[in-house]
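Work through the exercises below with the sequence and the coordinates open. Each task is followed by a stepwise solution.

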Amino acid sequence: MEITVLQFIWFILLFVLLGGYAMLDGFDLGIGVWHLWARAEDRRSLLDAIRPVWDGNEVWLLTAGGAMFAAFPPVYASVFSGLYLALTLLLVGLIARASAVEFRDKEEAPSWRRFWDVCFAAGSIVPALLLGVAMGNILRGLPLDASGNFTGSFFSLLNPYALLCGLLGLAVIAAHGALYAVLRTPAPLAIRARRWARLALQAALLLFGLAAAVTILTQRHLLTNYDRLPVLWAVPLATALALSGAAAYNRRDKARPAFAASCAGVLGLLATAAVGLFPTLVPASNNAALSLTAANSSSSELTLRIMFIFALVGMPIVIGYNVWAYRLWATQQKGTSRDY
Amino acid sequence: MDPVLLARWKFALTAGFHFLFPPLTIGLAWVLCWLLWKHYRTGAEVYGRLGRFWLRLFAISFVIGVVTGITLEFQFGTNWSQYSRFVGDIFGAPLAAEGIFSFFLESTFVGVLIFGWGRVSRKTTWFASLMVAVGATLSAFWIIVANSWMQTPAGFKIANGRAELVDFWAAAFNPSTLPRYLHTVDAALITGGMFVTGIGAYMMLKGRQIEMARRSVKAGLCVTLAAALLQFGLGHYHAVQVAHTQPEKLAAFEGLFETQKQAPALLFGIPDEKTGTVSHAVRIPGLLSLMAFGDADAEVKGLNDFPRSNWPPLAMTFYPFHLMVLLGGWFVVLPAMGLVLFRRRLQGGSRWLLWVMVLSIPLPFIANELGWIAAEVGRQPWIVYGVMRTADAASPVAVVPAGQILAAIILLSLVYLALLGVWFHLIRRTIAKELESPEPGPIQAAVSETTSPRISE
């Protein structure tokens, strides 16, 4: 296979993996965003809703990271070293929340539970925000030197555009988690979660419109593909439609289609970003010629080909047993707290 | 402070801490799989209770392995960006494969195993435990493929300023992959076996849940003994490979300075890197030549044959290696003694031995760490043996300054310390709870005809 074809495939696959992560672990993180808002007696139900699945969901992030390392090593090296402090914080957040999910209900003591409640909430909000900020910085472009090293400072990462993307990500993830809670928790909590979802979806739609406007006005480099092939505007439009659809279904108390629409919205958000970036993976904000692209930053043809075979063989199996497992949980009674 | 040294410390701390848990969970996963198989086939209540108990301890340990593993996957990019650029064409693929073929498998089925208990059939529960064990063991394979390529790189060429893959099979099954994989997985079985033995012994000492405790001790002793005996062969296989492919590492393991025929094995000694001598040495002549090359007259290269700049840090390679071998012997002696005494007097008679079993729980963890230190320090000063030096591999200091690395080390150390404390506390709690729970009567202990494994109700 031509290397250019493989580079194209891996650009897509990378975003597919990131999309899988955002869609699946997105609702786990989203549950955590609301955790401290929930009444103390409801918190166990929130955790029970994600306990059987969060770990498998998080693997999408690890696999996306591994795929980035394997398919686009210079991108992995530049992004991960450039966002050093942010990633360290993200990491501590992920450690805190995973431990909280597993350990919170192992002890009765209120202080023990309060501690893990804070870990879970902070460990969900911080990553939800940081992932969006990181994506915003990549969309906007990073200052890079000729060997691809990040030359900016930590504080330059906290620019308004990246923060806007962070808030958008947080709102979408919060909505996604709330809609999952509507679907998978018992009645009094599910009704409250519906209100949370309404709130978060309104914020998400507002922020999406704002981010779109700011992008069109200030991030011209992201519009190249849209200008060249106007039919691609369908992607952000579909995303807005999906988010509005989630809001509409949620208003009419149709939990399943609302969650499905929210899934589409999350995927659409990443697709919107992918279309804007392609074929660039990291635009260089100082000099477009230094940008890391699928063409100049990929692994060799052989590695891309072998990795593609791995993905073709492995991912259908992964999706297969994940569908089986999710169907298993879908038939279980909601909110049955169990000894584990 | 030297940023490369800090980055190395960070890697050592995070990898060393992480490496406490996967060997335990790999070993426990297979014990669990066996218990749940017995439970599925016989329906005996005692296997269900045992399965549930060991599953709880497994789950607490598993999550710590998961969260500390994320650090490592990030870390190649965050702290070793030059390395990542240079070897990504080869090194990234096994990490991605680990995600696709192993992490998804173990993580999805661990959910089914823990939360499906009592809801799905005994057969499905057993199957889930099998998938967890297979996934965990496969994940060890992929990470050792990656790590072994750093030890004995193969199947690549240097082109376009990086190492490029030319032969996937040669890179994946490089000379050290198989010996290191088998050695490590067998060590995981010893770790799991000793853990089960020690905790079972503790329960026997407390005089409660005797039936469960005895079965645990017996199973644990058998697993440990079998795996430890096998380890003599596997460890030897690995050492022979090191002798052939990384001679200066072998010389450092053995404290051998002068190249010689009939090279002796060092039973005891204190090597001095500066003077190039070993004091207080107890040697068996010819044994090293015999073990490494199958011929007592074979020539073994000493460190003096290599430029000093290519020597691994001697003490950090020599002592861990020897202590690991010593512990390896103990993992045969203890279970052998235990099984003999167990046969003779089953209850109460050998409390001291039960205590020794309890106190031996940490030893396989220590042996794992020592083996890892010997292997990775013994690779220095190379990050990829003979290809790239560790000093050239770190992220540029302008991108990741020393202060940020230090901050990350402090932060992660505190988090890991807390994790270790919580892990220890919850393991103790879980055991205490099991000890307090009502003892099964004679009817429950016998084979029950119930179809569903409702153990916890």
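**Exercise 1: cysteines**

The model is a predicted one. At 39% relative accessibility, Cys222(B) counts as partly exposed.

Task: determine how many disulfides the structure holds over all chains, and explain the state of Cys33(B).

Solution.
1. A disulfide needs two cysteine sulfur atoms within 2.5 Å.
2. The cysteine sulfur closest to that of Cys33(B) belongs to Cys222(B), 17 Å away, so the two are too far apart for a bond.
3. Seen from Cys222(B), the nearest cysteine sulfur is that of Cys33(B), and Cys222(B) is in no disulfide.
4. Over all chains, the search finds zero disulfides.
5. As for accessibility, Cys33(B) is buried, at 7%.

**Exercise 2: two aromatic pairs**

Task: classify the pair Phe17(B) and Tyr416(B), then the pair Phe141(B) and Tyr181(B), as stacked or edge-to-face.

Solution.
1. The structure holds 49 aromatic pairs over all chains.
2. Phe17(B) and Tyr416(B) lie 4.6 Å centre to centre with 25° between the planes, a stacked pair.
3. This pair joins helix α1 to helix α14 of chain B, 399 residues apart.
4. Phe17(B) is buried at 11% relative accessibility, and Tyr416(B) is buried at 5%.
5. For Phe141(B) and Tyr181(B), the figures are 5.3 Å and 85°, which is edge-to-face.
6. Here helix α5 is linked to helix α7 of chain B, 40 residues apart.
7. Phe141(B), at 13%, is buried, and Tyr181(B), at 14%, is buried.

Key. Residues are numbered from 1 along each chain as its sequence is written. Chains are lettered from A and ligands numbered from 1 in the order in which they are written. This is a predicted model: local features need pLDDT of at least 70, side-chain atom pairs count only at pLDDT 80 or more; totals for chains, interfaces and linings use all residues. Side-chain values use heavy atoms; hydrogens and water are left out. Buried means under 20% relative accessible area, exposed over 50%, partly exposed in between (1.4 Å probe, protein chains only). Rings of Phe, Tyr and Trp (its six-membered ring) pair if their centres lie within 6.5 Å; planes under 30 degrees apart count as stacked, over 60 as edge-to-face and the rest as tilted. Helices (H or I, at least four residues) and strands (E, at least two) are DSSP runs, numbered from the N terminus.
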